[in-house]
Amino acid sequence: MTKPTDDLPPAARGSLGSVSAARKLKDRLVQILVYIAFALAVVPLVSVLWTVLTNGLGRLDATFLQFSMNGVGGRDEGGGAYHAILGTLEQVAITSVIAVPIAVLTAVYLVEYGGNGRLARAVSFFVDVMTGIPSIVAGLFVLALWLLTFGFTYSGFAGSLALTILMIPTVVRATEEMLKLVPNDLREASYALGVPRWRTVCFVVLPTALTGIITGVMLAVARVMGETAPLLLTIFFTKAINANPFEGPQAALPTFIWEQAGDPNQASIDRAWTGALVLILLIMLFNLGARLVARFFRPVSR
């Protein structure tokens, strides 16, 4: 069997061979650059994880997970972050309950209903503005409106309101991009069967984009779970356990870490490192759970 290049003159075959070799060299060079960029991106991540692990594993025990800092001084050994873990879980849960429905419905409006209308452009503009708001500004807004104007006291719910402001734009943008990736053929096939738009969105578009939406939600949760500045202004400080997020100051892992790291005693610094490790582990568990949920509810093609 003759090769496609056999009919070419010798000069043309030599030129084709040199071009092929040049392309292979460029491909290998780009591949090496990609590997180097990947290594440079991984090195800081591995360094942070290794530092937190080596400094935080020493105090990661049952005492740290089951007890609070009530009655424990900075120099004292023992004590734990149970009150902070409980506060973080409650605050993030309230934030998600408020922010996720609002953000998803906003994204559905922008993609499925808004089009290029004036209202859709205005909403998209304000979402972009909210994306760049510093976290402390969100805390100051809730402090001025919820606490000073309306007269409510420091509470975990006030912190959740500040975190909601930070979470909504992230979820809106992530959901919007996922909805745009859904093929229009699916929508048109549903419309051709006489299915109303709202049923198409609920039972065709959203299930198709569910995996990406959950990923975006978890990225937003990971962001707000580590915010410190808005919580310092809205939940105040407490070393005792407060399981009621709607009344009284409540602790959180970011504020616990900030408070313990500011104490010069080694026992407090050790607790701060362990708190950081617990926070990272919680975020990893949430992401793992989200991936399992997304895989379980992912539409199956037949």
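**View 1. The salt bridge between R223 and E227.** In this predicted model, the side chains of R223 and E227 come together in a salt bridge, with an N to O distance of 3.6 Å. R223 counts as partly exposed, because its relative accessibility is 30%, whereas E227 has a relative accessible area of 14% and is therefore buried.

**View 2. A network of salt bridges that joins D128, R173, E176 and K180.** Through shared partners, salt bridges connect D128, R173, E176 and K180 into one network, and the count of salt bridges in the model comes to 6. In the bridge between R173 and D128, the closest N and O atoms are 2.7 Å apart. This pair links distant parts of the chain, since R173 lies in helix 6 (residues 156-181) and D128 in helix 4, 45 residues apart. D128 is partly exposed, at a relative accessible area of 43%. A further bridge pairs K180 with E176, and here the closest N and O atoms are 3.5 Å apart. K180 and E176 are 4 residues apart in helix 6, so about one helical turn separates them. K180 counts as exposed, with 51% relative accessibility, while E176 counts as buried, with 7%.

**View 3. The packing of helix 3 against helix 4.** Helix 3 (residues 82-114) and helix 4 (residues 118-131) pack with their axes 10 Å apart and at an angle of about 145 degrees, and their crossing is left-handed. On the side of helix 3, the residues that take part in the meeting are T106, Y109, L110 and G114, and in helix 4 they are L119, A120, V123 and S124.

**View 4. T200 and the crossing of helix 7 with helix 8.** The axes of helix 7 (residues 184-192) and helix 8 cross at roughly 145 degrees and come within 10 Å, in a crossing that is right-handed. L186, R187, S190 and Y191 of helix 7 meet R197, T200, V204, V205 and T208 of helix 8. T200 belongs to helix 8 (residues 197-208) and counts as buried, because its relative accessibility is 0%. When residues up to four places away in sequence are not counted, T200 touches R187, S190, Y191, V195 and V205.

**View 5. A nonpolar patch on the surface.** L29, I32, L33, I36 and L40 form this patch, and together they have about 490 Å² of accessible area. One of these residues, L40, is placed in helix 1 (residues 10-56). L40 has a relative accessible area of 60% and is therefore exposed.

Key:
Residues are numbered from 1 along each chain as its sequence is written. This is a predicted model: local features need pLDDT of at least 70, side-chain atom pairs count only at pLDDT 80 or more; totals for chains, interfaces and linings use all residues. Side-chain values use heavy atoms; hydrogens and water are left out. Patches are made of residues with over 30% relative accessible area and no salt bridge: like charges are joined within 9 Å, nonpolar side chains (Val, Leu, Ile, Met, Phe, Trp, Tyr) within 5 Å. Accessible areas come from the Shrake-Rupley method with a 1.4 Å probe; for residues, only the protein chains shown count as cover. A salt bridge is a side-chain nitrogen of Lys or Arg within 4 Å of a carboxyl oxygen of Asp or Glu. Helices (H or I, at least four residues) and strands (E, at least two) are DSSP runs, numbered from the N terminus. Buried means under 20% relative accessible area, exposed over 50%, partly exposed in between (1.4 Å probe, protein chains only). Axes are lines fitted to C-alpha atoms, for helices over the stretch in contact, and angles run from 0 to 180 degrees between N-to-C directions. A crossing is left-handed if the near helix is turned anticlockwise from the far one by less than a right angle, and right-handed if clockwise. Contact means heavy atoms within 4.5 Å.
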